[in-house]
Amino acid sequence: MSDEEQGSQSTYLHNSLCTIGVSEGKGRGLFASREIPAQTVIEISPVLLFTAEEYETHGRHTLLDHYTFNWPDGRMALALGLGSLFNHSDSPNVSFNVHPSTKTIGYTATKTIQLGEELCIFYGHNLWFKPTGAADQDQTMLSSELEAKDDWDSLQAVLSIRNPFSDGNPAELIPEADLPFLRTKVTPDDDVESQEGSVRTMKAWVVDIPDPKKTSSLLRWIKEKGFETPDLLHLKRIRRADVSSTLLLTCSSLPPPIPEDLSLPLPYQVDVPETAALTPKSLKLKLQLWPTVYTPKRKGEPESWSRAKAAWAWEAVEVLKAEAERVGKIGELPIVSYVPRPYEDEINQFYEGGMPSFLAHDTRHSTAKPLRHSVFNVIRKVADWRASCLLSSPNNAPLTALSPLAAATVDLSSPSVPRINGTPTDTPKVGGIHYLLTSLILFTTHEPCVMCSMALLHSRVREIVFLHPMDATGGCGGREGKGTCVPRLKGVNHRYNIIRWKLSGEEREEWSVLMDVPDDADA
């Protein structure tokens with residue numbers, strides 16, 4: 001391994017954020033060696049994988065059986081590095097994400113962790129030991145029962161049930177009828193932006209390049225500054241003309257500073273298409289504004305999902321379930337929203353070390369603030385993380401671009417209606433970018449209310465997945481997809497996809513916690 005490779009890995013493995021110590025009643029554990037801000041990546045552990053036959057023959061008869069867990073493809077995994085030293089807590093301060101493509105597990109702080117505080121994750125509900133501090137009660141499980149529950153492990157919150165999509169070819173496309181969800185139709189058949197004036201646009205900063213020789217230098221500068229962001233992937237970077245070219249910079253609210261040594265004119269704003277062209281007619285219209293990517297799609301044809309992506313989504317839903325059960329026990333409404341680490345690598349590549357996951361629940365009871373909905377809370381977590389990344393960036397480069405409606409911010413410090421173009425009092429705001437969920441998918445236990453649905457529209461979220469319809473108060477189409485639907489409203493300049501997760505009768509019994517929310521509540 002080269003020195004460069006060793007240096008890049010040491011950023012995440014055995015870093016200075018934590019130390020190994022002894023936890024009373026638990027044995028060895030991990031403790032914060034300094035204050036750790038929320039959403040900080042604490043550790044990325046590689047995993048050692050065993051085939052089912054290897055593990056059945058050897059591994060399960062050793063001490064490894066207390067540290068291994070089921071990998072999504074059916075093999076057994078052992079977390080190396082610091083991964084196997086996180087102890088269990090019913091109130092964890094660290095979350096984790098399994099990354100099959102890199103054979104790693106990432107561990108992220110879910111809240112600010114103080115110096116000396118133990119770092120703990122949630123193992124799940126079917127524990128094979130009596131938790132330290134638990135009430136004195138019979139938690140004995142027969143060995144035969146343990147064998148029947150061979151999914152128990154140190155990551156049981158997500159992997160305690162066999163992922164039905166983990167077997168088979170990960171790249172296999174799943175037929176629409178076999179997907180674990182239904183789609184709510186958001187875009188009318190005739191709304192393909194093929195009519196004059198129908199193209200949805202956003203503002204972008206561009207700069208003219210009088211001298212073509214400077215193009216290469218500018219493209220390198222674009223990459224260094226972090227302007228290659230997800231919401232510009234559908235646009236070409238250069239618009240060429242007879243005598244000069246124009247460079248697409250960013251969609252931030254403020255113009256980016258151009259290096260003086262390039263001797264370029266001042267940047268200016270233009271309207272650019274918000275999405276790729278789906279038909280030849282829409283391509284023709286969009287090319288009049290800016291060179292746009294053409295991604296032809298058959299009329300009414302939904303996006304295909306691979307087996308691997310379905311497995312990723314299933315794991316995200318399991319996270320919702322575990323968290324909803326936990327928060328219900330502490331007196332909060334069991335409404336949970338979750339933005340997992342993106343499935344697509346093209347989004348993760350924009351952030352050093354990849355983008356972490358964000359989990360939040362409804363806190364209107366504990367805070368006595370009626371607008372502390374889970375959707376607002378998870379948007380705020382993404383905001384805080386992006387703000388911290390921005391402020392720690394050596395170039396102070398924006399991490400994502402801004403479009404007009406995406407400048408909306410939700411002021412969670414105030415119990416009043418969320419403000420548009422407002423600024424949270426305790427989060428630095430640079431160019432309005434912090435509340436963007438551009439290209440991200442949000443999972444939530446309950447259909448968002450109209451207000452949250454509008455906030456999601458402003459956030460430019462790509463897609464939402466909800467489990468429990470709220471026909472009386474929801475803003476995403478309800479049980480049948482035919483109710484109030486904010487992104488379906490005429491005139492909106494952004495639409496996000498809506499997915500209704502299927503729950504069988506047996507699964508609804510397991511998800512009984514969802515019914516603890518009144519039908520007329522705003523989720």
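This is a short talk on the fold of one protein chain, taken from a predicted model.

Let me start with the whole chain. The secondary structure comes to twelve helices and 19 strands. The chain has 523 residues, and 53% of them count as buried. The accessible surface is about 24400 Å², and carbon and sulfur atoms account for 53% of that area. Now the contacts. Among those with a separation of 6 or more, 70% are between residues 24 or more positions apart.

Next, the interior. Nonpolar side chains tend to be buried together in soluble globular proteins. In this model, the largest nonpolar core has 29 residues. Which of them touch the most other members? They are Leu 320, Tyr 338, Phe 443, Leu 467, Trp 501 and Trp 511. Two or more residues each come from helix 7 (307-329), strand 15 (336-339), strand 17 (441-446), strand 18 and strand 19 (497-501). Helix 7 gives the largest share, eleven residues.

Four strands form an open sheet, in the order 1-2-9-6, with mixed pairing. Strand 1 (18-23) and strand 6 (87-88) are at the edges; each has a single partner strand, so one side of each has no neighbour in the sheet. Further in, strand 2 (residues 27-32) and strand 9 (residues 118-121) run antiparallel and are joined by two bridges. Leu 30 has Leu 119 in strand 9 as its bridge partner.

Ala 368 has a positive phi of about 60 degrees, although it is not a glycine. Arg 460 is not a glycine either, and its phi is positive, at about 65 degrees. Where are they found? Ala 368 is in the loop between helix 9 (364-367) and helix 10 (374-392). Arg 460 is in the loop between helix 11 (450-459) and strand 18 (463-468).

Is each one buried or exposed? Ala 368 has 65% relative accessibility, and the cut-off for exposed is over 50%, so Ala 368 counts as exposed. Arg 460 has a relative accessible area of 5%, and is therefore buried.

Notes:
Residues are numbered from 1 along each chain as its sequence is written. This is a predicted model: local features need pLDDT of at least 70, side-chain atom pairs count only at pLDDT 80 or more; totals for chains, interfaces and linings use all residues. Side-chain values use heavy atoms; hydrogens and water are left out. Two strands pair if DSSP finds at least two bridges between them. Buried means under 20% relative accessible area, exposed over 50%, partly exposed in between (1.4 Å probe, protein chains only). Contact means heavy atoms within 4.5 Å. Accessible areas come from the Shrake-Rupley method with a 1.4 Å probe; for residues, only the protein chains shown count as cover. A nonpolar core is a set of buried Ala, Val, Leu, Ile, Met, Phe, Trp, Tyr and Cys residues joined through side-chain atoms within 4.5 Å.
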